[in-house]
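Hi,

Here is the structure I promised to pass on.

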Amino acid sequence: MGDTEKSQVAYERIEDGVKVRPQQQGKQSEKSSTGPWYLASGFLIFWLLLFSAVVVPLFYRLPTASTLEDVAKGGFIAERAYNNLYEFDKIGTKVTGSDGNENKTVQFLLEELALIQANVLEDYFELEIDVQVTSGSYLKSGAIYMYRAVQNIVVKLSPKNSASETYLLVNSHFDSKPTSPSAGDAGHMVVTILEVIRVLSTTKQTFEHPIVFLLNGAEEKSLLAAHGFISQHKWAKFCKFVVNLDAAGSGSREILFQTGPNHPWIVNYYKTYALHPFATTMAEEIFQTGIVPSDTDFRIFTKYADLIGLDLGQCVNGFVYHTRYDRIDVIPRAALQNTGNNVLGLVRGLSNSTELRNLQQHAAGHAVFFDVLGLYFVRYSESNGVILNYAVAGATLLLILVSLWRTANASQVSVGHVVGWFILILVLQFIALLLGVALPVVVAYLFDKYGLSLSYYSTPALLIGLYVCPSLIGLSFPSMIYLKLQRDEKVSYAQQLQLVLHGHATLLAIIGILLTLYGLRSTYVVTWTLVFYVIPLAINLLTTLHDRGFAWTAVVKAFQVVPFLYNSYLFYTFIVVLTPMMGRFGMATNPDLYISGMTALGTVFSLGFLILLVHLSRRSGLIFFSLLAVTALTVYVASSTQIGFPYRPKTNVERVHYLQARRVFYEYDGAISKDESGYVFDFQDRRGPSPLKGTRVNLTGLVSMKSDCEKYMFCGVPLNYKTSESARVNGMWLPREQPVEVPSVPVLELLNKTVLADNQTVRFEFNLTCPDQTSLIIQPYADVTITNWSFLVSQLQTTSPYLINFSYGIDNSPLNIFIELKKSNGDFNVPTFRFGVSSLFIHSKGDEAAVKFAASHPSYAVAIQWPAIYQRYIF
């Protein structure tokens with residue numbers, strides 16, 4: 001017998017009368033060695049338990065609150081801040097122009113500051129207090145925002161004999177939205193600032209740059225007071241850096257969601273001095289897209305004064321945001337301690353910053369940053385991030401090629417044979433990735449189509465069945481079909497499964513490259529997910545584990561713990577933050593598309609590799625049908641039971657914004673052509689009026705205002721506190737037989753009508769007596785042009801109708817207005833322009849009928865409403 005014959009004998013053996021190659025035997029052995037179906041179920045349950053045991057507790061973790069007994073330690077004292085918040089909360093609502101804001105809150109703050117000033121270490125510091133009363137105007141979103149006599153309380157704390165002309169600005173606001181006592185937005189931040197001033201001014205730890213603390217009294221009405229400070233205050237020109245503190249939630253950690261711009265060194269200070277980091281580049285990029293229905297003073301400081309800085313905000317429990325439930329009882333002392341520790345540390349660090357001496361030398365791009373479960377903070381420059389993204393993506397693709405070669409070698413087939421199968425797998429994984437994102441979005445679309453949007457609003461656990469399970473089904477189904485049907489007798493099942501994971505990794509690498517080319521810093525999520533696939537792949541290749549059946553899966557599972565924990569933490573953050581916002585996205589937008597998309601992405605990045613390992617089970621199809629069953633059950637619960645109803649009293653309320661509206665149309669001759677009353681609804685969420693049907697609220701006669709919006713300037717009704725296009729387009733009118741009684745009727749008095757010397761221009765002069773929240777709408781006729789007026793002239797470069805939103809604080813004197821209009825034929829004995837006056841009486845509950853109507857709303861609905869009047873004149 002020759003050597004060849006011996007080799008052939010060695011290569012074959014008889015099994016059940018059939019010659020079987022050792023590799024075939026290995027393949028059968030591998031299939032039989034895969035675990036039973038219930039181990040795969042346990043595998044998925046393990047990750048769910050890991051998320052519940054690690055991610056959720058760390059997300060809500062807060063430090064121990066300090067008490068008055070800890071004063072000697074020189075740190076932030078949460079108990080003292082909490083006592084201040086209690087008094088702040090007792091004041092009630094603090095709308096700009098109200099007694100609560102302009103008198104009670106200002107007095108409270110000045111009294112607290114006086115106590116602080118009396119205890120300043122005068123050998124070390126100088127503390128100055130200034131009350132600024134400011135007026136001005138600016139353009140935003142095509143409208144003029146004009147303000148008069150709004151108040152700022154400004155405090156400057158300087159080291160003794162400081163020569164620095166670079167100031168650090170720390171800002172928050174003390175005014176509120178109507179009906180809200182504003183303990184969270186932004187009382188939490190106001191009392192934090194008070195306590196930080198106390199600690200700094202009574203501790204012998206000095207600093208280089210003076211610190212200006214701005215407590216502004218008009219943020220909620222489009223950031224007015226911040227503009228007044230930065231454009232006019234005597235200290236504003238020295239302010240170069242801002243730490244802005246705001247809120248879109250209440251009672252937990254504050255997130256860093258904006259930095260810079262163009263000063264990546266700033267994030268180093270956050271990393272060093274923020275004791276409890278909570279931040280991500282992704283939050284910054286999402287916020288700056290404009291999809292979040294909020295804005296902060298940070299925009300004013302960066303736009304109108306080129307300041308740089310940090311924008312931090314409360315973001316958890318946004319359900320109480322801007323409602324009457326934003327009270328102190330939802331804010332634990334530990335939340336104040338968390339914010340206080342961070343702000344105190346940042347202020348101390350930044351006030352000694354050497355970079356502030358010459359900021360221009362340090363302007364260089366952006367930073368990539370994120371916290372890891374609140375335990376550790378990662379930061380690197382955008383340029384280094386680009387290098388890292390490309391390096392990790394390249395390493396992934398290279399190691400996968402090496403793996404394909406090793407697989408071919410171990411299987412005794414050509415590399416081309418393995419590559420052929422891998423190309424098929426890559427196509428299937430591309431389909432899987434699409435399904436993983438698309439299926440949750442399809443569920444969201446169908447729920448919305450049948451009027452069931454926001455079903456998860458009060459029961460976030462429904463997200464698992466509605467969106468997570470469909471995403472897992474989509475991610476696993478193509479590979480399950482492939483592994484069941486493929487008939488490659490040369491490449492083992494274990495290696496085929498490994499190729500499936502390689503396919504997913506290849507797609508992530510390609511996505512990472514494309515997103516990096518696009519310039520998205522949030523690509524770090526893709527990169528770090530791949531890092532923890534590349535490392536185990538390298539380990540498996542450097543050892544024999546790669547070629548030893550399913551041994552390679554143990555290393556993969558071990559390393560997947562890290563990306564699972566981080567990615568699930570990251571996307572859980574966005575779900576927690578964005579879900580309450582979905583209740584104020586308006587009727588025009590399907591909010592479920594955002595939440596389903598975000599949940600799908602979180603599933604892809606957290607479980608994208610792990611769900612593929614379910615195919616280790618002999619009965620992975622049962623896992624697929626189990627996921628399908630969970631989805632079906634959840635769909636039933638969400639659509640057919642009260643669990644899927646979005647709203648709950650006090651905790652997850654429906655926001656019902658409307659005006660008790662009267663509208664009066666005066667014609668050119670002074671005659672009244674229309675005088676009617678009703679309720680103007682601006683429904684805040686996708687479900688619109690449907691949740692109120694079947695309750696005690698009588699909505700008989702409720703109609704869309706689209707036809708009125710086509711005929712009249714800004715729909716011919718009073719403009720709500722928000723004046724966005726969607727609010728007008730989606731407004732609804734409920735007629736009321738009894739005329740709405742307003743506290744007073746605004747008076748527009750024509751003082752003079754003068755034709756100027758050119759005989760083509762006429763000048764109108766008016767006095768307007770109106771409440772503190774008034775909008776003016778001005779529209780010249782087609783053959784008339786406004787050439788000058790008493791507002792910002794730059795607005796005249798846009799098309800009419802022109803909108804001017806006017807607010808005042810402590811000065812309620814009449815508004816003097818002039819308008820000059822030009823007409824080529826000089827005939828001014830005919831109508832030249834329409835003049836609308838929209839006035840809100842925010843500080844009034846309204847007449848008896850309106851109070852009764854508000855009381856008819858169910859307990860889960862919060863009526864946010866007040867009287868208003870719209871007067872249309874023609875001159």
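Before anything else, a word on burial: I call a residue buried when its relative accessible area is under 20%, exposed when it is over 50%, and partly exposed in between, using a 1.4 Å probe and protein chains only. By that rule Cys239 is buried, at 3% relative accessibility, and so is Cys315, with a relative accessible area of 5%.

Some ground rules. This is a predicted model, so local features need pLDDT of at least 70 and side-chain atom pairs count only at pLDDT 80 or more, while totals for chains, interfaces and linings use all residues. Residues are numbered from 1 along each chain as its sequence is written, and side-chain values use heavy atoms, with hydrogens and water left out.

Helices (H or I, at least four residues) and strands (E, at least two) are DSSP runs, numbered from the N terminus. Strand E9 covers residues 308-314, and seven of its seven residues are buried. Two strands count as paired if DSSP finds at least two bridges between them. E9 pairs with strand E7 (residues 239-247) in the parallel sense, over seven bridges. It also pairs with strand E8 (residues 254-260), this time in the antiparallel sense and over six bridges.

**Helix H4**

Helix H4 runs over residues 78-91, 14 residues in total, and spans 20 Å from first C-alpha to last, close to the 20 Å expected. That expected span is 1.5 Å times one less than the number of residues. Its buried residues are Ala78, Ala81, Tyr82, Asn84, Leu85, Phe88, Asp89 and Ile91. They sit on the same side of H4, because they cover an arc of only 160 degrees around the axis (the arc is taken from the directions from the helix axis to the C-beta atoms). What covers them? Helix H5 (99-118), helix H6 (183-201) and helix H11 (333-350) are among the elements that cover the buried residues of H4.

Ser172 lies in strand E5 (residues 167-173) and is buried, at 0% relative accessibility. Where does the side chain of Ser172 reach? It gets to the backbone oxygen of Leu245, at 2.9 Å. For a polar contact I take a pair of N or O atoms within 3.5 Å; within protein, one must be able to donate a hydrogen and the other to accept it, and residues adjacent in sequence count only if both atoms are side-chain atoms. Leaving out residues up to four places away in sequence, Ser172 touches several residues, including Ala186, Met189, Leu214 and Leu245. Contact here means heavy atoms within 4.5 Å.

Asn805 lies in strand E20 (residues 802-808) and is buried too, with a relative accessible area of 1%. The side chains of Asn805 and Ser775 are joined by a polar contact of 2.6 Å.

**The disulfide**

How many disulfides does the structure hold? There is one, with a disulfide being a pair of cysteine sulfur atoms within 2.5 Å. The partners are Cys709 and Cys715, with their sulfur atoms 1.9 Å apart. The link of Cys709 and Cys715 is right-handed, with 100 degrees about the S-S bond. Cys709 is partly exposed, at 24% relative accessibility, whereas Cys715 is buried, at 4%.

Most residues other than glycine have a negative phi, and most peptide bonds are trans. Here are some spots to check against that.

- The peptide bond from Asp185 to Ala186 is cis, with omega near 0 degrees; Ala186 lies in helix H6.
- Gly260 and Pro261 are also joined by a cis peptide bond, with omega about 5 degrees; Pro261 lies in the loop between E8 and helix H8 (265-273).
- Leu454 is not a glycine, yet its phi is positive, about 65 degrees. It is found in the loop between helix H13 (415-449) and helix H14 (462-485), and is buried at 0% relative accessibility.
- Asn759, not a glycine either, has a positive phi of about 60 degrees. It is found in the loop between strand E16 (747-755) and strand E17 (761-769), and is exposed, at 53% relative accessibility.

Cheers
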